[in-house]
Amino acid sequence: MSHPANATEFLKDQAKAKWHDETLWFVRDKRDRISKTIPEWETLRELASQIKDHVLANLGSYLEDFERNALKNGIHIHWATDAEEHNQHVLRILQEKNCKAIVKSKSILTEECHLNPYLEKHGIEVVDTDLGERIVQFLNQPPSHIVLPAIHLKKGEISDLFHEKLQTEKGNHDPTYLTQAARIHLREKFLGAKVAITGVNFGIAETGEFVVCTNEGNADMGVHLADVHIACMGIEKILPRRKDLGVFLRLLARSATGQPITNYNSHFRSPARGKEIHIILVDNGRTAQLAREKFKNSLKCIRCGACMNTCPIYRRSGGFSYGSTVPGPIGSILSPGLDMKKHSTLPFASTLCGSCSDVCPVKINIHEQLYEWRQEITKTHGEFGKGLSMKLASGIFKSPLAYKISGSLMRSALKTLPDSLIYHPLNTWGKSRNLPETPKETFQQWYQKNRS
Amino acid sequence: MKSPSLTVALFIPCYVDQFYPNVGVATLELLEKLGCKVCYPSGQTCCGQPLANAGYERDTMGATRHFIQLFSGYDYVVAPSGSCVLHVKEHSPTVPGLEKEQAALHGKIFELTEFITDILQVDQLVGKFPHRVGYHASCHGQRGLRLASSSELNQTPFNKARKLLENLEGLDWVELGRTDECCGFGGTFAVTEEALSIRMGKDRLEDHQAHQTEIITGGDMSCIMHLEGIATRNGQKMKFMHVAEILNQAIS
Amino acid sequence: MVSKEQIMSSRERILSAIAGVPSESKKLPEIPAFRLAGDLEELFATAIMGNKGEVLSKEEFEKWLPTMHFSKVISLSNHFKTHSTHELPEDPHELEDLGLAILEGQLGVAENGAIWMEDSNLGLRALPFITEHLAIVLDRNKLVETMHQGYDLIGNASSGFGLFIAGPSKTADIEQSLVIGAHGAKSLRVVLI
């Protein structure tokens with residue numbers, strides 16, 4: 001998979017690409033405006049960053065605290081080293097409950113573990129209940145954004161889809177009408193499910209509780225009607241204290257969508273009478289990332305999606321162009337840790353403009369890690385051609401004389417070569433851009449004549 | 001304004017030397033007008049940024065060693081490029097045996113506008129430039145060197161280049177729709193992600209066009225080269241100048 | 001199937017992998033008491049409105065209620081005891097046709113309109129979600145400035161379930177157009193007492 005090829009494809013539909021850019025820019029702009037109403041915004045970011053750094057430095061003991069307290073609260077805890085084991089845990093619980101159909105609210109972790117196809121293979125019907133996720137599930141697509149899963153689709157496409165799947169009126173594009181149809185469809189699923197799965201936004205070590213945030217209320221509709229709640233949680237989701245939530249809940253929704261808080265912020269501490277809560281604690285590459293000194297703090301991510309909304313690349317290439325579960329800037333520093341070969345072009349899908357690092361509510365130095373991944377990727381399997389030409393260039397940079405010769409050669413070549421050759425399709429720079437006009441002398445030459 | 005009797009060494013990025021000698025000349029003349037003793041150490045090469053950003057920082061050891069040896073003896077090093085200064089300060093590898101010289105050098109190398117506002121402590125320049133000017137904030141200067149506040153942060157707005165430009169008589173400053181969005185140059189990104197690079201550049205130009213920019217300026221000719229290349233290809237009539245060229249012309 | 005031994009060993013494997021990572025000590029910061037200036041009631045009402053809810057007085061609420069002709073209402077609020085048409089069932093599935101739930105909140109946060117509720121306020125955890133319309137009764141003296149003061153007040157009270165609710169169920173998943181009433185309550189009315 002190659003990001004440039006996917007981006008080029010995405011940009012072919014210029015009107016849609018422009019719409020995508022403007023829609024996400026609108027979200028970023030909302031985030032900018034609301035963040036500027038909080039005088040202590042930058043202090044909150046710093047606090048959140050320090051709390052997460054502290055957690056990562058003490059992850060083992062906090063996980064043990066969390067587990068001990070959760071067990072005391074009557075919650076079942078399962079540990080999974082990888083996606084496969086996570087999926088096995090889920091399946092085992094479903095089989096024990098003799099459950100054939102589940103509802104699931106948004107969980108990037110279950111996407112990462114490819115839980116849906118795994119369960120479907122074992123005869124379980126999985127219904128994603130977040131509206132955006134239900135839409136992409138109908139289309140057999142993954143989410144293209146971690147907060148706005150169906151942001152790549154226009155309402156006309158959703159209308160056609162709902163006409164086919166939910167028998168809505170053909171040609172009715174009204175979002176309220178379409179949402180109402182989904183409400184009716186999903187209400188039936190909520191009422192019928194014995195087991196509900198959610199993700200986890202935060203796990204609190206000192207109380208053993210965990211917090212799930214939604215605007216739709218779909219996580220709660222699922223779990224409070226079901227007998228069993230399975231919460232899938234990456235091991236990095238821990239916060240030490242309940243009061244830390246004050247910092248993170250102030251940052252999360254404002255960063256994600258520019259709203260002051262999500263409308264539902266549920267704190268699960270112990271199951272209701274006669275019901276069960278299971279937490280699956282998942283590693284799946286996280287301890288390996290923790291061991292990479294330069295990249296460990298990518299684990300501070302709270303999945304707000306702000307770096308996607310701000311990224312000029314993401315906005316113009318769409319989430320699918322990344323070919324990874326978590327797309328965008330944060331995905332481009334997480335994914336190479338999972339499969340460097342598959343995701344080798346992602347750290348290069350950036351101008352290193354740094355906007356992602358400045359919006360990040362936990363101050364992950366995303367663009368610096370993109371730079372560092374580039375250094376790693378070229379070490380292990382740089383494309384041979386690129387490596388070679390860069391090596392040649394290195395030789396040139398080392399020698400002033402060589403540089404001067406090749407420089408003036410380049411300049412005279414530009415002067416004498418016909419445009420047809422300079423702007424040959426193989427010359428990528430010149431495909432849609434002119435080259436600068438070649439001056440009659442370099443600055444060095446001018447300086448020698450005029451100042452020395 | 002301070003008038004340092006110290007010597008400023010000009011660091012002229014390789015592509016400026018080759019393609020935009022006038023920017024080098026303007027930088028030199030401007031600093032001289034501001035009372036600096038300026039010299040241009042000969043034997044300058046590329047600082048190694050394109051290589052480092054492409055993932056080959058380790059291969060820039062030679063260029064970096066050369067850079068330190070060439071510039072260590074001066075009081076200040078000034079470049080008309082935020083991007084190259086950022087590279088030298090943050091992305092050049094530590095050179096064994098030259099650690100002390102390298103650290104000292106990082107403390108005295110500056111991008112042009114920050115040198116004028118922070119070191120020369122110039123609050124405003126007197127001059128005339130009767131044009132409608134749109135500013136392109138190049139990302140490495142903006143978010144790397146913090147030459148201007150970034151729109152993402154909750155901070156008191158500032159912009160070092162604007163501080164120097166906006167008081168020039170007749171200069172009409174353009175407020176853009178997106179004040180600091182990347183233009184899509186990005187070094188090798190310009191060719192490895194060509195389609196995106198062009199789209200991003202076109203979008204920046206549209207923003208300027210929608211706000212009746214007459215001259216696009218900036219602190220990095222690499223971004224300007226990219227934007228100008230797209231504009232001229234598409235017959236857009238905007239003009240392009242480096243900040244140094246405007247300032248040097250305005251205060252003469 | 002995964003055996004018990006394997007589960008144990010996964011736990012050990014993860015914890016020992018973490019233990020094997022050298023880490024420097026990083027201090028856990030104390031959280032300053034960030035304040036919010038202004039009239040709390042006004043700020044709270046503005047925030048609720050922004051979240052697409054509504055703040056009413058007791059009188060306004062009592063005027064509104066009969067206009068809706070709800071056939072099924074459950075009130076757990078001492079202030080509106082008589083409005084209940086049905087008892088709380090054992091099984092939340094029976095709430096499927098509930099028109100209105102009237103519940104009491106413990107505290108409200110002025111900066112964002114979030115209202116804290118616990119099991120003791122909810123009767124059934126599904127109640128504020130499954131009901132078609134939701135009203136929360138809140139003591140106006142229980143308004144705090146920011147989330148920090150909110151959590152200070154909650155402390156480590158050990159309800160099995162607790163919830164900050166800030167508005168009705170909403171979504172913008174179709175072309176970013178805001179729609180109220182995705183899965184849960186289609187409206188939120190906060191009655192300040």
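1. Two residues are taken to be in contact if their C-beta atoms, placed from the backbone, lie within 7 Å. On that basis, 2 pairs of chains are in contact, and chains A and C share the most contacts. Chain B and chain C do not touch, their nearest C-alpha atoms being 16 Å apart.

2. The model is predicted: local features need pLDDT of at least 70 and side-chain atom pairs count only at pLDDT 80 or more, while totals for chains, interfaces and linings use all residues. Residues are numbered from 1 along each chain as its sequence is written, and chains are lettered from A and ligands numbered from 1 in the order in which they are written.

3. The contact between chains A and C draws 70 residues from chain A and 63 residues from chain C. On the chain C side, the elements that give two or more residues are helices H1 (4-19), H2 (40-50), H5 (127-130) and H6 (147-154), with strands E8 (161-165) and E9 (170-171). H1(C) gives the most, with 9 residues. Helices (H or I, at least four residues) and strands (E, at least two) are DSSP runs, numbered from the N terminus.

4. By class, this side of chain C has 30 nonpolar, 22 polar and 11 charged residues. Ala, Val, Leu, Ile, Met, Phe, Trp, Tyr, Cys and Pro count as nonpolar, Asp, Glu, Lys and Arg as charged, and the others, Gly among them, as polar.

5. Strand pairing also links chains A and C: strand E9 (residues 264-268) of chain A pairs with E8(C) in the antiparallel sense over 5 bridges. Pairing requires that DSSP finds at least two bridges between the strands. Tyr264(A) stands opposite Ile165(C) in E8(C).

6. Chain B is divided into domain 1 (7-119) and domain 2 (132-250), with bounds from an automatic or database domain assignment. Their centres, taken over C-alpha atoms, are separated by 22 Å. In the contact between them, domain 1 of chain B supplies 26 residues and domain 2 of chain B supplies 23 residues. H2(B) contributes the largest share of the domain 1 side, 6 residues. That side has 14 nonpolar, 9 polar and 3 charged residues.

7. Strands E7 (residues 215-218) and E8 (residues 239-242) of chain B pair in the parallel sense over 4 bridges, and Gly218(B) stands opposite His242(B) in E8(B). The chain passes from E7(B) through helix H12 (residues 221-233) of chain B to E8(B) in a right-handed β-α-β crossover. Right-handed here means that, with the strands pointing away from the viewer, the path from the first strand over the helix to the second runs clockwise.
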